[in-house]
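Have the structure open as you read.

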Amino acid sequence: RPVGAERDLDERDLGFLRVLGRVVGAQIERSERDRHRVREQAEASGLQALLAAIEARDAYTGEHSRSVVDLSVRVAEELRLASREIEQIEQVALLHDVGKVAIPDTVLQKCGPLTEGEFELVRTHPVVGARIVSSVSDLAHLAPAIRSGHERWDGLGYPDGLSGEEIPVPSRVTFVCDAYDAMI
């Protein structure tokens, strides 16, 4: 055959291409799994760093967050949510009070009722928390649920007055577990 002339692929050539396709496909799958694993590790590291900051600031808030995480995961499992949703609820529950790092100790640790001004300051923590979480690229997807963590089904929550199904599911689950843990 002259150089550059076309020829049909024989069985050996087709077999080689099939093997090559499987090898390339397996490599692509491995790369995708590695990327997913690295992303999960980055999320876990970011969560641990934020939790350490919460605990360093206020031991009660750190312990409370752990209790809310445990309750929230159990509720999500009882609701038979998908594993990814349960994971997201776990992360939101862990970080639901991260914005309290911006609240002065005199307000957070005050014995007795808060003044209206102090209460308004405390009510800013979901917005601050959402801002903090959104600044961590691997956690930014949690920011809307963190922001909505004190919204109420009847629309009387804060900061945005969301109601009903406008409130993300992770926020709803965390809110109920947060209230329960605070009461007990």
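This is a predicted model: local features need pLDDT of at least 70, side-chain atom pairs count only at pLDDT 80 or more; totals for chains, interfaces and linings use all residues.

Start with helix α3, residues 83–95, and helix α8, residues 169–183. Their axes come within 9 Å and cross at roughly 55°. That angle makes α3 oblique to α8, because the label "roughly parallel" is kept for angles under 35 degrees and "roughly perpendicular" for 65 to 115. As for its hand, the crossing of α3 and α8 is right-handed.

Which residues make the contact? On the α3 side they are Gln 88, Ile 89, Val 92 and Ala 93, and α8 brings Val 169, Pro 170, Val 173 and Thr 174. Sorted by class, the contact of α3 with α8 has six nonpolar residues, two polar ones and no charged ones.

**Salt bridges**

How many salt bridges does the count come to? The answer is 10.

| Pair | Closest N and O atoms |
|---|---|
| Glu 11 and Arg 18 | 3.7 Å |
| Arg 84 and Glu 87 | 2.2 Å |
| Arg 147 and Asp 160 | 2.7 Å |

Take Glu 11 and Arg 18, which form a salt bridge. Glu 11 counts as exposed, because its relative accessibility is 56% and the exposed class is anything over 50%. Arg 18, at 46% relative accessibility, counts as partly exposed.

The pair Arg 84 and Glu 87 sits inside helix α3, its two members three residues apart, or about one turn of the helix. Arg 84 is partly exposed, with a relative accessible area of 38%, and Glu 87 is also partly exposed, at 25% relative accessibility.

Now for Arg 147 and Asp 160, another salt-bridged pair. Arg 147 belongs to helix α7 (residues 143–147) while Asp 160 is in the loop between α7 and α8, so this pair ties together parts that are 13 residues apart in sequence. Arg 147 is partly exposed, with a relative accessible area of 28%. Asp 160 counts as partly exposed too, at 38% relative accessibility.

Is Arg 152 partly exposed or buried? With a relative accessible area of 34%, Arg 152 is partly exposed. Leaving aside neighbours within four places in sequence, Arg 152 is in contact with Gly 157, Leu 162, Ser 163, Gly 164, Ile 167 and Phe 175. There's also a spacing to note: the C-alpha atoms of Arg 152 and Arg 172 are separated by 7.9 Å, though these two are 20 residues apart along the chain.

That loop between α7 and α8 also holds Pro 159. The peptide bond joining Tyr 158 and Pro 159 is cis, with omega about 10°.

**A positive phi**

Phi of Arg 80 is near 60°, a positive value in a residue other than glycine. Arg 80 is exposed, with a relative accessible area of 69%.

Why point out these two spots? Because most residues other than glycine have a negative phi, and most peptide bonds are trans.

Terms used. Residues are numbered from 1 along each chain as its sequence is written. Side-chain values use heavy atoms; hydrogens and water are left out. Axes are lines fitted to C-alpha atoms, for helices over the stretch in contact, and angles run from 0 to 180 degrees between N-to-C directions. Helices (H or I, at least four residues) and strands (E, at least two) are DSSP runs, numbered from the N terminus. Angles under 35 degrees count as roughly parallel, over 145 as roughly antiparallel, 65 to 115 as roughly perpendicular and the rest as oblique. A crossing is left-handed if the near helix is turned anticlockwise from the far one by less than a right angle, and right-handed if clockwise. Contact means heavy atoms within 4.5 Å. Ala, Val, Leu, Ile, Met, Phe, Trp, Tyr, Cys and Pro count as nonpolar, Asp, Glu, Lys and Arg as charged, and the others, Gly among them, as polar. A salt bridge is a side-chain nitrogen of Lys or Arg within 4 Å of a carboxyl oxygen of Asp or Glu. Buried means under 20% relative accessible area, exposed over 50%, partly exposed in between (1.4 Å probe, protein chains only).
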